[in-house]
Amino acid sequence: HRRGFFIENNDGVIVGHTIVRIDDDGEGQEIGLFGTTYVIPTERNTGVASSLLLRGEKWMESKGMNQAVTYTEKNNTKLQNLYRNHGYTMSPMPKDFVKLAKALAANHD
């Protein structure tokens with residue numbers, strides 16, 4: 001399962017996107033993974049990235065995921081701050097990467 005979400009401005013121009021998917025955590029457990037999130041520079045700090053993150057989490061929960069994760073370079077403080085402001089915890093990974101993870105309220109209907 002994979003899904004992309006996009007946000008347009010009032011002129012119909014896409015100003016941000018995120019791509020999410022169901023992935024394996026390396027230990028045999030399925031997780032929701034944010035593969036990429038991007039917002040054009042002129043639309044940053046306007047809530048676009050937060051909206052994308054919340055929409056991605058909602059999709060992951062609808063797929064029964066108990067955890068959302070993203071990986072990024074340890075110097076990508078802007079992305080780290082975004083996720084940490086939404087309740088994600090950060091842990092170090094090999095090769096100067098970090099993992100940001102959050103428990104989700106999965107919908108198992």
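Reply: D24 stands opposite E30 in β3. Two strands pair if DSSP finds at least two bridges between them; helices (H or I, at least four residues) and strands (E, at least two) are DSSP runs, numbered from the N terminus. This is a predicted model, in which local features need pLDDT of at least 70 and side-chain atom pairs count only at pLDDT 80 or more, while totals for chains, interfaces and linings use all residues. Residues are numbered from 1 along each chain as its sequence is written, and side-chain values use heavy atoms, with hydrogens and water left out.

Me: In which sense do β2 and β3 pair, and over how many bridges?
Reply: Strands β2 and β3 (residues 30–39) are antiparallel, with 9 bridges. H17 is set opposite Y38 in β3. The two strands form a hairpin with 5 residues between them, and G26 in the turn has a positive phi of about 90°.

Me: And what about β3 and β4?
Reply: Those strands run parallel and are joined by 2 bridges, β4 covering residues 67–73. G32 stands opposite A68 in β4. Together with helix α1 (residues 48–62), β3 and β4 make a right-handed β-α-β unit; right-handed means that, with the strands pointing away from the viewer, the path from the first strand over the helix to the second runs clockwise.

Me: What is the strand order of the sheet?
Reply: The open sheet has 6 strands in the order β1-β2-β3-β4-β6-β5, with mixed pairing. β1 (2–8) and β5 (89–93) each have a single partner strand, so one side of each is left without a neighbour in the sheet.

Me: Changing topic: is I22 buried or exposed?
Reply: I22 counts as buried because its relative accessibility is 15%, where buried means under 20% relative accessible area, exposed over 50% and partly exposed in between (1.4 Å probe, protein chains only). I22 lies in strand β2 (residues 14–24). Beyond residues up to four places away in sequence, I22 touches H1, E30, I31, W59, K63 and M65, contact meaning heavy atoms within 4.5 Å.

Me: Which residues touch the most other members of the largest nonpolar core?
Reply: They are F34, M60, Y83 and Y88, in a core of 20 residues. Such a core is a set of buried Ala, Val, Leu, Ile, Met, Phe, Trp, Tyr and Cys residues joined through side-chain atoms within 4.5 Å. The largest share, 6 residues, comes from α1.

Me: What does Y88 contact?
Reply: Leaving aside neighbours within four places in sequence, Y88 has contacts that include F34, L53, A68 and Y83.
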